[in-house]
Amino acid sequence: MVSEVIQIPDSRELGEGGLLGMVIDPDFQTNNYFYVGYNYYASGNNYREKIVRYTFNPSTGKADSPFILIENIDAASTHNGCRMVISPDKKLIFTTGDAQVTSNSQDVDNINGKTLRINLDGTIPDDN
């Protein structure tokens, strides 16, 4: 079990935003992967959310090799949301908030306000 404090360098808090969710890979004992959802500032000072897979380095106690699964999700000071779970079939399921635009949840062309399911490498499962 990891008992280190691990910093995510580009995570930024704003209101209710910041580090939003985390889940450990089911094969952590062999691959040291963990997944984090958090807010960050993109170019132009745009507040966004992303999901990143990190590799825990036990010799340094640091999060190494960030691999972005999805990024550039709209965010705001509230309504960011990001609960995360890995299903028994090893799919990452996570939520996104509506970013203070409640109509986003009903817009099928908008990623905000949804529950999303992806493969652990960030690709879309064939059975989605």
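**Notebook: salt bridges, strands and cores**

I began with Lys90, which is partly exposed at a relative accessible area of 36%. The classes I use are buried for under 20% relative accessible area, exposed for over 50%, and partly exposed in between, with a 1.4 Å probe and protein chains only. The model is a predicted one, in which I take local features only at pLDDT of at least 70 and side-chain atom pairs only at pLDDT 80 or more, while totals for chains, interfaces and linings use all residues. Residues are numbered from 1 along each chain as its sequence is written, and side-chain values use heavy atoms, with hydrogens and water left out.

**Confidence**

I checked pLDDT, the predictor's confidence in each residue on a scale from 0 to 100. The protein chain has a mean of 91, and 96% of its residues reach 70 or more. For the elements (DSSP runs numbered from the N terminus, helices being H or I of at least four residues and strands E of at least two), the lowest mean is 93, in β4, and the highest is 98, in β5.

**Salt bridges**

I counted a salt bridge where a side-chain nitrogen of Lys or Arg lies within 4 Å of a carboxyl oxygen of Asp or Glu. The count comes to five.

Which residue does Lys90 pair with in a salt bridge? The partner is Asp27, at 2.8 Å from N to O. These two sit 63 residues apart, Asp27 in the loop between β1 (19-24) and α1 (28-31) and Lys90 in the loop between β5 (84-86) and β6 (91-95). Asp27 is partly exposed too, at 32%.

Next I took Asp89, which has a salt bridge to Arg117 with closest N and O atoms 3.0 Å apart. Asp89 is in the loop between β5 and β6, and Arg117 is 28 residues away in strand β7 (residues 115-119). Asp89 counts as partly exposed, at 42% relative accessibility.

Arg117 also forms a salt bridge with Asp127, again with 3.0 Å between the closest N and O atoms. Asp127 lies in the segment after β7 and Arg117 in β7, so this pair ties together parts 10 residues apart in sequence. Asp127 is exposed, at 56%. I therefore noted Asp89, Arg117 and Asp127 as one network, since salt bridges link the three.

**Strands around β3**

I counted two strands as paired if DSSP finds at least two bridges between them. Strand β2 (residues 33-42) runs antiparallel to β3, joined by 10 bridges. Three residues separate β2 and β3 in their hairpin, and Gly44 in the turn has a positive phi of about 75°.

On β3 and β4 (residues 62-74), I found eight bridges, also antiparallel. Asn57 has Lys62 in β4 as its bridge partner. Four residues lie between the strands of this hairpin, where Gly61 has a positive phi near 70°.

How many of the 12 residues of β3 (residues 46-57) are buried? Nine are, so β3 is largely enclosed by the rest of the structure.

**Cores**

I defined a nonpolar core as a set of buried Ala, Val, Leu, Ile, Met, Phe, Trp, Tyr and Cys residues joined through side-chain atoms within 4.5 Å. The largest has 13 residues, of which Tyr35, Ile51, Met84, Leu92 and Phe94 touch the most other members. At least two residues of this core come from each of β1, β5, β6 and β7.

I listed contacts (heavy atoms within 4.5 Å) for Met84. Beyond its neighbours within four places in sequence, the partners of Met84 include Gly21, Val23, Val36 and Ile93. A second, separate core has 10 residues, among them Phe28, Phe34, Val52 and Phe56.
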